[in-house]
Amino acid sequence: MADISRRQLVAGAAGLTIVGGLAAACGSGSTSTGIGGTNPGAPKRGGNFRLGVTGGGSKDIMDGQNIITKPDQARLVSAFETLLLFDENYQLTTNGLAESVTQDNPRQYTIRLRKGIEFQNGKTLTADDVLYSFQRIGTKANGLTGFAATATMDIAGMKKLDTYTVRLPLKSPDATVPQTLASYTFCIVPAGYQAYPHPQIGTGAYKLKSFTPGAQSVHVRNPNYWRGGGKPYFDQVTIVDFSDSTAQVNGLLGGQIDAMTDLPAAQVQVLQSRGMHALVSKTGGWLPLCMAIDIPPFNDVRVRQAMRLLVDRNHMIEQVLSGYGFVGNDLYAPFDPGYLTEPQRNQDISEAKRLLKAAGHQNLNVDLHTTNGAAGMVDVATVFANQAAAAGVKINVHNDPNYYGTQYLKLGFSIDFWGTRSYLNQVQQGSLPNSPYNETHWPPKSGTGSNFISLYNQALATTDLAKRIEIEHEMQTLEYDIGGYIIPFFNDLIDGYSDKVKGLRPSKGTLNLDYFGHGFSSIWFG
Amino acid sequence: MIPVAGADMAAAAPLETPPVRATSLLRRSLRLWRTRIGVGLVVLLVLLAIVGPFVAPYGSGTFVAAPNSPPGKGAAFGTDYLGQDVLSRLLDGGRSILLLAFIATAVGLIAGVVIGLVAAYARNAFDDVLMRGMDVIMAFPQIMLALVAVAVVGAHPWVIIVAIALTTVPRIARVARGAALPVVERDFIACSEAMGVPRWRILFGDLLPNTLGPLMVEASLRMTYSIGLIAALAYIGLTINPNDPNWGLMIRENQIALTFQPWGAVLPIIAIALLTMGTGLIGDGIARTAAGIDRSRGAE
Amino acid sequence: MRARFRWGGVSRFIVRRLVLGLVVLFLVSLVVFAATQALPGDPARAILGRSATPTALAALRRHLHLNQPVFSQYWTWLTGLLRGNLGTSLAAQEPVTTLLGPKLVNSAVLVAVSAIVSIPLSIALGSWAALKRDKIFDTVSSNLLLVLAALPEFVVGVVLVILLATIVSQVLPAISTIPPGSRPWNYPSYLVLPALTLVIAVAPYVSRIVRASMIEVLESDYIEMARLKGLPERTVMLRHALPNALGPVFQVIALNLAYLAGGVIVVEYVFNYGGIGSAVQEAVLSHDLPVVQTLAMLIATVYVVLNLLADVATITVTPKLRTQL
């Protein structure tokens with residue numbers, strides 16, 4: 001298959017430019033590895049790669065456009081791909097299924113597919129599949145994770161221009177469409193596709209052979225994989241569900257699996273002492289404490305500001321992450337060019353006390369809800385409760401097993417988890433009234449901050465990067481002053497792998513193990 | 001640990017002679033080394049639990065050093081997964097287990113004795129109904145019932161107490177009934193009935209004292225098991241406060257660091273082991289004394 | 001005349017116990033259904049977790065037919081159970097039998113392996129200790145067994161992991177994840193630690209019962225007679241003492257098999273062993289009603305059946321109890 005060269009997304013008449021990133025290793029061995037790795041040399045074929053993941057269970061699914069848990073993510077990327085990709089620095093590239101995605105005008109994009117890509121059943125990827133994929137995501141009743149992102153798209157008005165070209169009109173201007181096209185659940189599926197237990201046919205490197213939800217899935221090599229150059233390298237990939245990290249680590253040490261996701265920071269030295277490796281990726285993942293701005297006592301902005309001043313951010317990083325993270329400032333999307341870093345908020349107990357007193361909540365007593373949804377969620381709550389005690393604030397931590405099942409978006413004070421995203425993308429997912437996961441019930445309905453939505457729409461429509469950054473700064477200043485998030489840090493993603501595994505590199509992206517070794521296609525046994 | 005109802009042990013060495021009074025049984029059992037060791041262990045750990053929080057060098061939630069640090073740097077046994085002092089958390093962690101186990105066993109004991117004695121005394125259809133009810137509860141492993149209860153309502157302390165008490169009741173009831181049945185047939189009971197002594201007086205004044213031997217054995221078995229069950233529930237992760245300094249929870253949280261910072265898990269394991277050994281020894285001491293008394297009586 | 005009466009008594013007893021067992025099971029089914037129906041929130045939310053947006057919820061609810069009234073759900077469930085249709089797992093959307101079948105096999109194998117080791121071991125230990133009563137072997141073994149018996153199973157399991165799999169030595173695997181599709185007997189090393197944990201949990205009790213029972217028998221008159229007759233000790237033990245001591249032991253063995261089914265829940269968790277123990281926990285947490293109900297009924301049935309067998313065995317083996325029928 002044709003070698004993929006660097007491309008730039010062509011700026012349309014509106015002048016939007018997105019810089020093409022480094023082409024993902026295609027046909028040649030990469031020379032950088034995770035911590036403790038050595039030069040892997042040239043890729044070799046063969047072997048059964050076994051990955052251990054936690055967070056799954058009998059509710060595991062396989063859907064090219066939907067996930068619930070991390071095991072679902074791993075299975076998704078093994079078989080399905082997106083039009084665009086993020087590289088390891090979270091920059092957009094055209095290394096996906098699309099040859100180019102151009103913005104013709106603020107309300108229209110044109111997507112050109114690469115020619116000659118085949119699905120795992122031999123059928124060629126064409127515009128019809130793209131249309132079906134968008135329609136499937138855009139159908140509300142399907143309940144897919146990407147639905148909210150289709151709000152600005154006029155999917156009904158999408159047109160097939162020729163076998164490999166699609167026109168995507170928008171209902172309103174939206175400069176974040178390329179990022180949506182690169183988000184990992186926005187994959188292209190064949191026309192007529194349905195989720196497991198229907199056959200899972202994608203364009204990806206491995207084809208699903210068998211699947212026992214809650215136990216494991218087996219994927220075999222796709223010999224027809226469009227990237228070519230010998231990819232993919234393993235004969236087979238097995239994804240195994242584990243109930244907890246202890247079992248995973250023991251499995252890795254015992255040689256029962258070759259790699260694992262979400263290695264507890266404490267185990268990094270254990271792995272290294274046994275000749276194994278930890279892949280530490282400095283991502284923009286965050287574990288916020290979410291205060292609902294419309295539920296007492298957090299509806300008083302002084303209480304929110306006080307709570308934000310209670311956190312000792314560096315201690316948090318030490319205790320919860322064992323140092324694997326960097327300081328946060330109650331704002332998200334740290335890799336976005338518009339990310340606001342000044343002024344850095346620090347712990348200030350006396351000011352916090354003063355604010356609480358002024359608000360009439362001197363001896364505040366609140367419930368904080370959390371769950372084992374991701375590594376560290378419970379620890380953040382615990383450590384924050386201990387830190388808050390210094391200011392006389394009593395926090396009752398509740399670790400709810402039924403957390404996401406019952407009240408989570410109606411809670412006054414809760415913990416959640418997020419991965420790397422760009423700013424506007426994140427706003428759309430969590431900071432708008434119609435966002436799927438708006439824990440803080442932001443923005444305020446009146447007074448300061450009520451112009452947040454109009455600012456957002458302006459930013460979407462702005463194609464000039466400098467102007468967009470200005471608007472983003474304005475939005476973030478509002479969130480910084482009166483928002484509902486406490487974001488103490490950005491956590492690294494730490495994964496573990498054995499010495500045999502080559503080709504893994506740290507990545508700033510959303511998914512573990514460097515997008516699971518790019519859908520298991522860029523890693524091998526050496 | 002699989003508990004066996006005292007009635008089964010009694011079946012192996014049946015009491016055919018008048019049961020011994022409780023206090024003398026206790027006193028005599030203390031003559032055995034094993035009972036003394038058992039009492040010693042239990043007293044030691046109860047003291048640890050009560051006094052512990054006051055002598056702990058740090059608060060159980062205080063950040064002392066980097067997570068999973070080995071002993072040193074002001075932490076005698078190192079730190080746990082969140083950088084908290086292992087020793088302090090151990091000293092804080094006995095209270096909840098002991099209190100919960102004690103209350104749950106006591107509640108189950110009282111309810112079970114009442115039911116068992118009433119069933120033995122009634123000796124008719126009511127007896128059958130009660131015992132079938134007990135069978136229904138006993139149709140599940142104790143831990144399964146506790147799991148479902150906690151999942152339905154949440155891991156509140158009262159839920160755990162109710163779940164454990166509920167599953168303790170039938171086992172106590174069986175023993176109480178089994179020990180009371182031979183007594184119920186005896187003449188002095190019939191005498192009391194003829195004299196018009198009120199039923200509850202007969203139950204608790206005449207029947208109860210004569211069943212205390214097997215009951216005490218069973219109660220200590222139940223206590224041992226309750227402690228183990230509460231620790232197991234915490235180990236599985238079913239607690240309300242995720243940072244509770246609870247011994248079972250400590251094992252769970254620190255197990256992952258066993259290879260380089262074992263104290264976080266080993267200390268609570270030792271504590272739980274000593275505690276359950278202690279209660280087990282006490283129960284065994286009482287049982288041996290009772291059997292010994294019967295054996296010597298039988299030889300007379 | 002007497003013989004016939006005795007046999008009629010036994011069979012009447014068995015029938016009575018059977019009927020009572022069924023009554024208990026029926027009551028249990030009511031309790032199980034009520035308890036699982038009372039689970040808070042609805043299963044759709046619990047399954048979807050964080051992705052529980054209103055659209056996704058409605059889609060899943062529709063897909064799983066969760067809108068029927070309670071009583072009709074109970075009736076359908078009960079009749080289905082009796083016909084062998086155990087329902088469909090809400091989370092995995094597979095028939096419960098397919099889902100639980102392999103796990104049941106795994107647990108059964110583990111229990112069987114543990115029982116095969118623990119029962120002969122405990123009979124041997126108990127008999128020997130009875131024979132050498134109050135001598136060194138007896139004292140040492142009974143104290144050791146007492147101590148082991150008191151420990152919670154997960155403590156035993158974790159200690160074994162420390163001793164044999166991680167810190168002190170690394171001769172055995174620390175976890176026992178059987179890959180699905182394969183059978184536990186293909187991975188014998190995975191069975192060792194969990195089975196050892198279970199054996200340590202069960203054997204002490206059984207052996208102490210055997211010991212107590214054996215002591216009583218050894219002191220009885222007909223054993224004295226056998227000894228006086230000059231029979232070798234071995235014949236005395238095997239031909240006369242053992243069969244009579246085994247009466248209550250059957251009951252205890254059956255009960256302990258039942259307790260193993262409960263102990264399996266925690267032990268499987270410690271070793272990540274894919275049996276019904278881990279299935280129970282997961283099903284409870286994800287509100288997978290059909291699976292929870294099936295497992296609860298399954299375990300209850302096992303208990304009731306084993307109890308029944310134990311009672312019947314005790315009756316047939318212990319002559320004096322038969323006269324009370």
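## Salt bridges

A salt bridge is counted when a side-chain nitrogen of Lys or Arg lies within 4 Å of a carboxyl oxygen of Asp or Glu. Over all chains, the whole structure contains 24 salt bridges by this criterion. In one of them A:Arg50 is paired with A:Asp258, and their closest N and O atoms are 3.0 Å apart. This pair links distant parts of the chain, 208 residues apart: A:Arg50 belongs to strand 1 (residues 48-54) of chain A, whereas A:Asp258 sits in the loop between helix 4 and strand 11 (259-260) of chain A. Helices (H or I, at least four residues) and strands (E, at least two) are DSSP runs, numbered from the N terminus. Side chains of opposite charge can pair when their charged atoms come close.

## Basis of the description

The model is predicted: local features need pLDDT of at least 70, side-chain atom pairs count only at pLDDT 80 or more, and totals for chains, interfaces and linings use all residues. Residues are numbered from 1 along each chain as its sequence is written, chains are lettered from A and ligands numbered from 1 in the order in which they are written, and side-chain values use heavy atoms, with hydrogens and water left out.

## Interface of chains A and B

Contact (heavy atoms within 4.5 Å) involves 21 residues of chain A and 19 residues of chain B. The two chains bury about 1,700 Å² between them, 59% of it on carbon and sulfur atoms; buried area is the accessible area (1.4 Å probe) that two parts lose on being put together, summed over both. A:Thr246, A:Gln319 and A:Thr382 supply 28% of the area that chain A buries against chain B, more than any other three residues.

Between chain A and chain B the count of salt bridges is 0. On the side of chain A that touches chain B, the largest share, 5 residues, comes from helix 9 of chain A.

## Largest cavity

A cavity is a set of points, on a 1 Å grid over the protein atoms alone, where a 1.4 Å probe fits but cannot get out; lining residues have an atom within 4 Å of a point. The lining of the largest cavity comprises 24 residues, and A:Phe80, A:Glu81, A:Leu85, A:His518 and A:Gly519 lie nearest the centre. Helix 1 (70-79), strand 2 (85-86) and helix 13 (512-520) of chain A each supply at least two residues of this lining. Helix 13 of chain A gives the largest share, 3 residues.

## Backbone features

Most residues other than glycine have a negative phi, and most peptide bonds are trans. A cis peptide bond joins A:Tyr196 and A:Pro197, with omega about 20°. Another cis peptide bond, with omega about -5°, joins A:Pro296 and A:Pro297. A:Asp514 is not a glycine, yet has a positive phi of about 55°; A:Asp514 lies in helix 13 of chain A.

Notes
1 Å grid on protein atoms, 1.4 Å probe; cavity = no way out; pocket = protein on both sides within 12 Å on 5 of 7 lines; lining within 4 Å.
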